[in-house]
Amino acid sequence: MNIREITIPVGAQKPFSVLHTSDNHLCLADERDDERKIRLAKDRQYAFTKGHPERLVERAEEIFAYARENNLTLLHTGDLIDFVSEANLDYTKKLMEGADVFVAAGNHEFSLYVGEAWEDEAYKAQSFEHVKEAFPGNFWFQTRMIGGVKFIALENGYYYVTEEQLRLFKEATAEDVPTVLMVHNPLYSADIFRKYKEGRPASEPAYLMGCPEDLMWEWEEYRRLQQRPDAVTKEFMDYCEKLPCLKAVLAGHMHEFIASQLDSGIPQYVVGGGYKSDVNLYTFV
């Protein structure tokens, strides 16, 4: 397991550590799932492990076991599962047993067959209640205090936030308490855009929430429509940039480690991905 140690100044009551992972992309299916899901599981397992399907489960177990054995809260920023299946959800429940886990859901948590449909609130609603049963808390929006620091987990897997999430976020940050935001899709900044796009073609999307439209003109139309920020998302982004109590943003989705900062200087850390056994061990001071 690749453990990356990072210290983040936030004004904690006393130093404490947590583990951060994301994107395990479990690809399990069995006789309770249809033949299409069983075929999908095999194809996706190969895509992530090149012929070693057991590694996805082994790597997830290793990370969860490390958190339990070291008495660490595990911060998970989504895509624990690759698609909705009874086998994936059952295994998620097993992983959560005896673990202290705080989760912000990703886009794949609600993916029925991976890339088969336009992903929006109506699509998410088809599986939301069933998937939620396998996870602790409300992975759409939830808060938790650790060491005098408020952690806010907000699901933004479709590159936007809703009006209700924005309202809840403003309420949760009304008090001047050091705050860490957890999301699946990283927030746009000039810094992370430059770091991710370095060495990549201009036509490749940046996979960031709130990316300015004038940076998308060479992307394929589907990705431009998918990632174009609406008015509520723009308001959320602007609010985060100006929020004095926001001390850090933690994210996943990009399948590589990126240390960056928002345009206002707030640090943002993207973890490399649980399917690679990649984790960030943060010490908040």
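Arg167 is partly exposed, at a relative accessible area of 37% (buried means under 20% relative accessible area, exposed over 50%, partly exposed in between, with a 1.4 Å probe and protein chains only). Because Arg167 and Glu171 sit four residues apart in helix H6 (residues 163-172), about one helical turn separates them. Helices here are DSSP runs of H or I with at least four residues, strands are runs of E with at least two, and both are numbered from the N terminus.

A quick word on the model: it is predicted, so local features need pLDDT of at least 70 and side-chain atom pairs count only at pLDDT 80 or more, while totals for chains, interfaces and linings use all residues. Residues are numbered from 1 along each chain as its sequence is written, and side-chain values use heavy atoms, leaving out hydrogens and water.

Searching the whole structure turns up 17 salt bridges. Here are some of them:

| Pair | N to O distance |
|---|---|
| Glu213 and Arg228 | 3.1 Å |
| Lys132 and Glu129 | 3.5 Å |

Glu213 and Arg228 form a salt bridge. This pair links distant parts of the chain, 15 residues apart: Glu213 is in the loop between helix H7 (190-197) and helix H8 (221-227), and Arg228 is in the loop between H8 and helix H9 (231-241). Glu213 is partly exposed at 39%, and Arg228 is partly exposed at 38%.

Lys132 and Glu129 are both in helix H5 (residues 128-132), three residues apart, or about one turn. Lys132 is partly exposed, at 27%.

Finally, a network of salt bridges links Asp30, Arg32 and Asp90.

Key. Salt bridge = Lys/Arg side-chain N within 4 Å of Asp/Glu carboxyl O.
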